[in-house]
Amino acid sequence: MLFSELVNFFEKIERITARSTIVDSLVSLFRKTPKEIIDKVVYLIQGEIYPDYYGLELGLGEKLTLRAISNAYGIDTYELEKLLKSFGDIGKVAEYAAKRRKQITLFKQPLTVKRVYETLEKIARTTGEKSQDTKVRLLSSLYVDASPKEAKYLTRIVLGELRLGVAEMTILDALAITFAKSIGYREEIERAYNLCSDLGEVAKVLANEGLEGIRKYKIKPGRPIRMMLAQRVENVREAALKLGKEIAAEWKYDGERFQAHKMDSKVLLFSRRLENITNQYPDAVELIRKNIKAREVIVEGEIVAINPDTGEFLPFQELMHRRRKHDIEIAVKKYPINIFLFDILYKDGESLIDKPYRERRKILEEIVEVNDKLMLSKQIVTSDLEEIEKFFLEAIEHGCEGLVLKDLEGNYRAGAREWLWIKLKKSYQSKMVEPVDLVVVGAFYGKGKRAKSYGALLVASYNREKDIFETVCKVGSGFTDADIERLPEILDKYKIDRCHPRVFSKMEADVWFEPKVVIEVIGDELTLSPVHTCCYGKVQAGSGIAIRFPRFLRYRFDKDARDATTSEEILEMYKRQLKRIEH
Ligand code: ATP
């Protein structure tokens, strides 16, 4: 197959956005592609030469690529750099240079996909001294035979800038239509993809062995399995409803998820995004090699950074110190880790992903020899909601993010985010993390036990800019009986007959006060509300920011009304909370 056919496809695909048209074009390309190179074509479409997890790079930057172009076309690198500055796109520089080439080759060989791929592969595998010169020479040899258009796309592939935007799922659709004759088989093909995370491999099996081969496709240690993910809920009750009765609740460690493949004495580690992270964690590799009693396994867990002095957990960002290419031994000493295993997917030739979690966990317990660095995730098995809530608080206290609740009968669903795992994070449960100090500006009469006092207070934040008070919520809970009894005594001396001129309220209170008394309030979250006036219209026209489920904490007699939390601060808190939810 000529490289020009692939390049024509690239050109065409760049101009279309409709998914169905992209699928059609992929199908006609796959139909033309010989079986032996279908995997290579699939990689090249993604602008790569290997699946992501391989972790092998070409090792050619902009400078070396310009050198290769210069050698091939006899144009000075200085001039090429100038062109790059004005074009801003190195692919276009290559195209331009190929058109203006000064060196005319007498026997120009048309490029084939096979040759391009094999040369790029050679470039990736060239290491050691003088490797740069060899890489440039190899790339140059391709430029010599390339047409201007081919030179452009070749450059983009080399520099990882192809970005055609063809999604993995679109490629799977096209593979289904081409080799299984119907998109209806997409799911079965996707299952194989989830087991190997390698679209090239899936294409090769489909092209050579058909749907039968795909159905029989098995986990192969060394190829990462696409990870199972969790759904999220707001509280334990909601999770319990989704999961049924007895569940496994586990600490949700705030670290880096990994999948370890142990093949005899060789261990590979893959990240959540399936990058090869083996080199970053030689200590984790050692722990897994020595403490898992099985010849071949695939296990999953979380790597957590710990404080070397106290052994306490540190936030996940600390692990960034391990993301380096050099001096990893120093980083290993300075930034120690613990690992917590929570799943097993494969053991000695047998896939375990279809077994219920209850059984997988048991197998994990049997084969892992725990020590003070390698442990299993802390877990309770229960149907008692209160116990789960207590466990949640315990997890938070130890620096975890919350809990992951797991269906004990659930299998491992590679690549899926379903209700078999449910995460419960502290930021969802108590989005309003800090209390605020608010000024009492009005009150509502109480009923029943509170008939002689007030049932709820209207409270406001301070708008420093305008020097006014803007209402945020009505607080009716959190008071003890004694607090309620004292309310008239504390507030009535500030009673006025209408809303204070410096109070901006859209609510009609039963009683109004001068803005004097400050109370501390915490709520569950900040939301938009049409009836409250804090930051009115700042986030959304016709709405202010309000506190949901506010609770009185205590009086702040030490504070003046102008010392209350400002509306600006509440707006900041609101924005921070939004970020957390989006995250
Ligand atoms: P998050 O930011 O919440 O980690 P995510 O999209 O990366 O989100 P999810 O699958 O939604 O991941 O949430 C589960 C994540 O929690 C896992 O990817 C893993 O990194 C982490 N985790 C920590 N402890 C556990 C545990 N005991 N069991 C499963 N996952 C755990």
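Leaving aside its neighbours within four places in sequence, L274 touches D52, Y53, S197, P224, I225, R226 and M227, where contact means heavy atoms within 4.5 Å. This is a predicted model, in which local features need pLDDT of at least 70 and side-chain atom pairs count only at pLDDT 80 or more, while totals for chains, interfaces and linings use all residues. Residues are numbered from 1 along each chain as its sequence is written, and side-chain values use heavy atoms, with hydrogens and water left out.

- L274 lies in the loop between β4 (266–271) and α14 (282–291); helices (H or I, at least four residues) and strands (E, at least two) are DSSP runs, numbered from the N terminus.
- L274 counts as buried because its relative accessible area is 11%, and buried means under 20% relative accessible area, exposed over 50%, and partly exposed in between, with a 1.4 Å probe and protein chains only.
- L274 and Q259 are 15 residues apart in sequence, and their C-alpha atoms are 8.4 Å apart in space.

- Strand β3 (residues 256–263) pairs with β5 in the antiparallel sense over eight bridges, and two strands pair if DSSP finds at least two bridges between them; R257 has E302 in β5 as its bridge partner.
- Strand β6 (residues 337–347) also runs antiparallel to β5, joined by nine bridges, and the partner of V297 in β6 is K347.

**Aromatic rings and charges**

- The structure holds 21 aromatic pairs; rings of Phe, Tyr and Trp (its six-membered ring) pair if their centres lie within 6.5 Å, and planes under 30 degrees apart count as stacked, over 60 as edge-to-face and the rest as tilted.
- The rings of Y73 and Y143 have centres 6.0 Å apart and planes at 65°, so this pair is edge-to-face.
- That pair links distant parts of the chain, since Y73 is in helix α4 (residues 62–73) and Y143 is in helix α8 (residues 131–145), 70 residues apart; both Y73 and Y143 are buried.
- Ring pairs also link W251, Y253, F313, F340 and F391 into a cluster.
- The charged end of K378 sits over the ring of W251, 5.4 Å from its centre, where a charge sits over a ring if NZ of Lys or CZ of Arg is within 6 Å of the ring centre and within 35 degrees of the ring normal.
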